[in-house]
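The sequence and structure are shown first, followed by the interface and the ligand site.

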Amino acid sequence: MNFGYSPEQEALRSEVQTFIRDNVTDELVEEMDIHSGTDRPRGRGPLGQALYRQIGERGWLGIAYPSEYGGQGGSRIDQYIVEEEFLRAGIQISMIGSGAPAILAAGTEEQKRYYIPRLIRGEVSFCLGFTEPHAGADLANLRCSAVRDGDEFVINGQKMYTTSAHVSTHIYLMARTDRTASKHKGISIFIFPMDTPGLTVRPLWTIQNNPSAPKFTTYGAARTNEVFFDDVRIPASALLGEENDGWRVGSMGLNLDRVGAGRYLISVRRDEDIINFLKSDEALGARLSESEVVRDKVAELWTEAQVCRLMTMRSMSIVERGGAFSYEGSAEKVWAPEHGVRISESIMQMLGPHGSLLRGSPHSVQDGLYAHNVMGSFQSGINHGSVQIMRDQVARRGLGMPSSRGNKAAGVK
Amino acid sequence: MDVLLDEEEEMIAESARGYLEANCATSLVRKVEADPLGYAPDLWRGAAELGWAGMCLPEEHGGSEMPLVYLGLVMREIGRTVAPLPLLPSAVASITLARHGGAALKDRHLPQVASGEAILTWAFFETDARLRPETVKMTAREEDDGFILNGRKLFVDHYAAADLCLVVARTEAGLSLFLVDTDAPGISTRELVTLAKDRQSEVNFENVRVPREALVGQAGDAWPQIEEMLDLATILLCAQMVGATRKDAEMAFDYAKVRSAFGQPIGAFQSVQHMCADMQIWADAAELLTFEALWRLDQGLPAAMEISQAKSFCNDRLEAAVRNSQIIHGGIGFMMEFDLHLWFRRVSAWSMRMGTSLEHRARIAELLLDSPGQVRLGRSVSPAPAVPVTPELTEV
Ligand SMILES: Cc1cc2nc3c(=O)[nH]c(=O)nc-3n(C[C@H](O)[C@H](O)[C@H](O)COP(=O)(O)OP(=O)(O)OC[C@H]3O[C@@H](n4cnc5c(N)ncnc54)[C@H](O)[C@@H]3O)c2cc1C
């Protein structure tokens, strides 16, 4: 076992840090904010394109992706390092979402050659069209339909909570292709452009959107959406994997989507922030840092945050060895979000009334960072498989527990 | 970066598990609980033949100079079978002796320790049983030819089995370490009755004379060496707790699959499944924290933070895990004839040894809050450096 980074990896990290210090401006961060609520042209803006060119030249894009599809064929740990540093600067350069891994696992050669290089270069971005009004945790209950018509499929129905649907270039959609088959059997996955006629996007404003949450809060100012499909016609080549095999195909990427730099940082950022606040010259921080009770709490939470880091390292190690998760990704997706909630709640009781002031308020602490996080942190335990469903998976897949008569969940989500 | 076990580490762990599963049934554990000797000599001889007693001792003294991580894996397997072996105190005291003892002491004793013929232990705790230097009241008065020890030690692990004991006492110059024969004149003991039913003693020293050569390291100022010894005992105990909890949890997982209620296995109830999922997650987390700390010790990196993280976490969460296991087992887990309590009592007792959660978290808080510079996860926080550092992203 090795818990350290190699000298080459340390060098890579400081190179990336130097690059960020020299090149990343506020304007760039603002332009690239996929969480921004405002409507804007889909895909990358001019500053983002320039950034991708620069970091592409340095070999920092798609490090762990196969070289025949535009990646570097390198190490997942290296890619993690680059992703973490950029995320800490407020820039998402990794392709979040389960699209790319699922395409690599189940896509045709043509789909791989088309999508993977464009995803790596940031020219194409996917939103995730899984959840519906009546299909959340119980995703296989979905109704949105795709009916074959010659060389095309016709899509009708609705998706919900489709984050970034207003800025993504494509949708990664799960739809029902066979109504007569059993719940999990008649499902397929499609990928197609968001500007396909008949597709409408409507914003869903979250409790973090007014006032708009500060940067780096959990699910910050993310805008999510409803997406409506009204006789949307797509070519049959948009199908990913076999028709009616979508439940299996969809699950291929999800586990990877639950782990990585993004999920990790979302859960531990407040730990660093509050400790640095307690060490600062702020009167409130200085007073708190002398309290034995606060010190005990901070130490406990810091230890929990280390577990988030170590579980992420474990997941990276498994991926790097080319292995598959049995339950480890799900375990991380229980621990990290719940820690994110615990740190938020503990900070509430440290800060008292000042902690309740939102962004822009007089006397707010660090521009409402912690108050907004109270709202945001819970979200991490719901999406991409709620903590309950994740515990089901740890118990059933990891420990071999039997399914109950009334609860057959623990599937794809 | 690869936090999973490599092939050699897997081999070490598997061979340890194989030996213990073949030779340490719970009937043996129960027998030794009632035996004043407190360990199983045959099992110990076999373990010594496998090289466990000298795993981390220098080759010149018959050891095999392996990393502490390997010893941690063996301790994990010992915990798994709750094997009655005095390896933890003997390894900790002998490694300390190897690091800080004089050549004569080492030549005389270490080869015998490495071969398993001699067993060592150590004595630090007194009435105020915290991991702090000021708790040591025991005195070592200097006389021309040596020292005279007076005082009382508590919670001395496997004293009855040990030939020699590393004793912490206060000379005029300050804290010092002495290697003492366990049956030296002037020593008397009383057995403590512990939750783990392991052997721990109160050891009284009344004008116990030791020669000057018994001094390990310098007289006075030995706190850094003592703290290192206590840290090593702490983190190896964590490894043992992890192993014991794994087995204890597996017993609950297995039981939940076969015990039926309301027409289905209890393991099919989601509330039971979620208790089991948490147990697995906590044990995984404790193991990662523990082995990161051991790995750092092997690299010569500061590890005070990581050791305290591991122990405070083990204390709280592994205790919660074995408690869940008791609940999942229902009434049977409360019965003497059922084996589960062999693990439950030990994990509980160990969670109170080598520093409570409160003590360890106080140390973590000191390192985090009373050091200069900003913190960032993944960057080590070590004791405050002498020179001021820039606040952002410093590797201190
Ligand atoms: C801000 C935000 C962004 C999102 N982004 C996306 C996105 O981009 N794409 C997308 O497809 N989806 C997205 N989601 C949807 C998210 O994945 C769902 O909210 C999630 O799957 C839960 O579904 P639900 O909200 O319908 O809750 P429900 O399924 O109704 O669940 C409600 C509660 O019941 C519990 N529950 C359900 N079944 C069980 C069970 N078997 N055992 C125990 N408890 C159970 C759940 O854990 C939860 O606590 C997003 C959601 C939010 C809030």
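## Interface between the chains

Across the interface of chain B and chain A, 27 residue pairs are in polar contact, both residues being at pLDDT 80 or more. A polar contact is a pair of N or O atoms within 3.5 Å; within protein, one must be able to donate a hydrogen and the other to accept it, and residues adjacent in sequence count only if both atoms are side-chain atoms. Between the two chains there are also 9 salt bridges (a side-chain nitrogen of Lys or Arg within 4 Å of a carboxyl oxygen of Asp or Glu). One of the pairs joined by a salt bridge is R314(A) and D284(B), with their closest N and O atoms 2.8 Å apart.

This is a predicted model: local features need pLDDT of at least 70, side-chain atom pairs count only at pLDDT 80 or more, and totals for chains, interfaces and linings use all residues. Residues are numbered from 1 along each chain as its sequence is written, chains are lettered from A and ligands numbered from 1 in the order in which they are written, and side-chain values use heavy atoms, with hydrogens and water left out.

## Ligand site

Residues from chains A and B surround the ligand, so the site is shared between chains.

Polar side-chain atoms of T131(A) and of Q270(B) each lie 2.7 Å from a nitrogen atom of the ligand. In the side chain of Q388(A), an N or O atom is 3.0 Å from an oxygen atom of the ligand.

Definitions and conventions. A residue is near a molecule or strand if one of its heavy atoms lies within 4 Å of it.
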